[in-house]
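Below is a briefing on one protein model. It covers strand pairing, nonpolar cores and aromatic contacts.

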Amino acid sequence: MTHVEYDGEAHSSYNELRMTPAHNVLSSRIKVTPAVPVYTYEDYWGTKVSAFDVSEPHRSLTVEAVSRVETSGRRKPRLALVDPDPSLGELLSRTPMTAINPDLEDLARTQAVGRDPHETAEAISELVAARVEYMPGSTGVQTSAQEAWDLGQGVCQDMAQLTAGLLRAAGLPARYVSGYLHPRPSAEIGEPVVGQSHAWVEYWAGEWLPLDPTNRTYVGEAHVVVARGRDYSDVPPLKGIYQGPPESRQEITVTVTRLGPA
């Protein structure tokens with residue numbers, strides 16, 4: 001649930017949501033308060049987007065997204081001969097959020113020497129995990145991959161963007177993935193657990209394969225994919241503009257419940 005409180009009265013707002021999971025969705029609904037019609041479409045990267053406008057005066061905005069999804073365990077990568085794919089050019093290109101300096105690009109390329117694509121991706125993921133300490137509050141949504149590397153601290157967003165930048169420099173198309181992570185997969189069936197928004201990466205090696213550099217782990221049953229893109233700017237859960245007071249506060253809560261055995 002996302003709750004926005006304005007310091008005064010907002011006269012109108014125009015919003016996009018990326019909160020509906022991308023795979024194996026059994027059911028899904030989005031409730032907006034104040035109540036308004038919600039329209040859905042698929043964006044350029046294949047993410048389901050819910051859009052709505054609030055034209056009446058309001059002091060707060062609440063969005064509740066509830067979904068039931070079926071997740072699966074880690075898929076073992078297969079070795080494949082990877083030919084250049086022109087359609088993936090955008091996911092080989094740097095963006096302002098994933099750009100790294102020439103020295104760091106050289107370091108990325110050295111990770112590919114003598115390694116197949118899967119070994120290269122794992123080496124880069126481990127390089128990021130070893131360099132960047134997970135530190136909530138140390139960075140913001142505008143922090144770039146290079147800044148996170150230089151600082152040596154960051155959150156999952158920074159580690160995913162940095163990993164994507166390094167993978168691209170090493171010649172592997174990579175995309176940024178946002179979603180949710182169940183922090184305690186061993187929780188009892190039916191037990192609600194406070195979860196969290198999360199970010200990781202997928203790289204192309206004949207198929208898309210995921211890696212979670214923040215947790216130094218493979219992506220599996222605990223991960224729920226919501227959106228994909230070049231970097232965070234393509235996948236924010238809530239994006240919009242409003243007419244009203246200059247200040248607002250946002251509170252986000254995520255609850256995850258296991259409904260069946262792992």
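**Strand pairing and packing**

E9 and E13 run antiparallel and are joined by six bridges. The model is a predicted one, in which local features need pLDDT of at least 70, side-chain atom pairs count only at pLDDT 80 or more, and totals for chains, interfaces and linings use all residues. Residues are numbered from 1 along each chain as its sequence is written, and side-chain values use heavy atoms, with hydrogens and water left out. Helices (H or I, at least four residues) and strands (E, at least two) are DSSP runs, numbered from the N terminus. Two strands pair if DSSP finds at least two bridges between them.

- Tyr176 has Gly229 of E13 as its bridge partner.
- Six of the seven residues of E13 are buried, so this strand is largely enclosed by the rest of the structure. Buried means under 20% relative accessible area, exposed means over 50%, and partly exposed lies in between (1.4 Å probe, protein chains only).
- Ser178 belongs to strand E9 (residues 174–181) and is buried, at a relative accessible area of 11%.
- Leaving aside residues up to four places away in sequence, Ser178 touches His198, Ala199, Val224, Val225, Val226, Ala227 and Val235. Contact here means heavy atoms within 4.5 Å.

**Hairpin E11–E12**

- E11 and E12 run antiparallel and are joined by four bridges.
- The two strands E11 and E12 form a hairpin with three residues between them, and Gly206 in the turn has a positive phi of about 90°.
- Val201 has Leu211 of E12 as its bridge partner.

**Nonpolar cores**

- A nonpolar core is a set of buried Ala, Val, Leu, Ile, Met, Phe, Trp, Tyr and Cys residues joined through side-chain atoms within 4.5 Å.
- The largest nonpolar core has 30 residues, of which Ile100, Leu162, Leu166, Leu167 and Tyr203 touch the most other members.
- Elements giving two or more residues to this core include helix H1 (102–110), helix H2 (117–131), helix H3 (145–151), helix H4 (156–169), E9, strand E11 (196–204), strand E12 (208–211) and strand E13 (223–229).
- H4 supplies the largest share of this core, eight residues.
- Tyr203 touches, among others, Pro117, His118, Ala121, Leu167, Trp208 and Leu211, not counting residues up to four places away in sequence.
- A second, separate core of 11 residues includes Val4, Ala10, Met19 and Phe52.
- In soluble globular proteins, nonpolar side chains tend to be buried together.

- E1 and E15 pair in the antiparallel sense over five bridges, and Tyr6 has Ser248 of E15 as its bridge partner.
- An open sheet of four strands also occurs in the order E4-E5-E2-E14, with antiparallel pairing. Strand E4 (39–42) and E14 are its edge strands, each pairing on one side only.
- Strand E2 (residues 12–17) and E14 pair in the antiparallel sense over six bridges, and Ser13 stands opposite Tyr242 in E14.

**Aromatic pairs and charges over rings**

- Rings of Phe, Tyr and Trp (its six-membered ring) pair if their centres lie within 6.5 Å; planes under 30 degrees apart count as stacked, over 60 as edge-to-face and the rest as tilted. This rule gives three aromatic pairs.
- One of them is the tilted pair of Tyr6 and Tyr242, at 4.7 Å centre to centre and 55° between the planes. Tyr6 lies in strand E1 (residues 2–10) and Tyr242 in strand E14 (residues 238–243), so the pair ties together parts that are 236 residues apart in sequence.
- Tyr6 is buried, with a relative accessible area of 6%, whereas Tyr242 is partly exposed, with 29%.
- Trp204 and Trp208 have ring centres 5.4 Å apart and planes at 65°, so the pair is edge-to-face. Trp208 counts as buried, at 16% relative accessibility.
- Arg175 lies over the face of Trp208, at 4.0 Å from the ring centre. A charge sits over a ring if NZ of Lys or CZ of Arg is within 6 Å of the ring centre and within 35 degrees of the ring normal.
- The charged end of Arg131 sits over the ring of Trp149, 4.8 Å from the ring centre.
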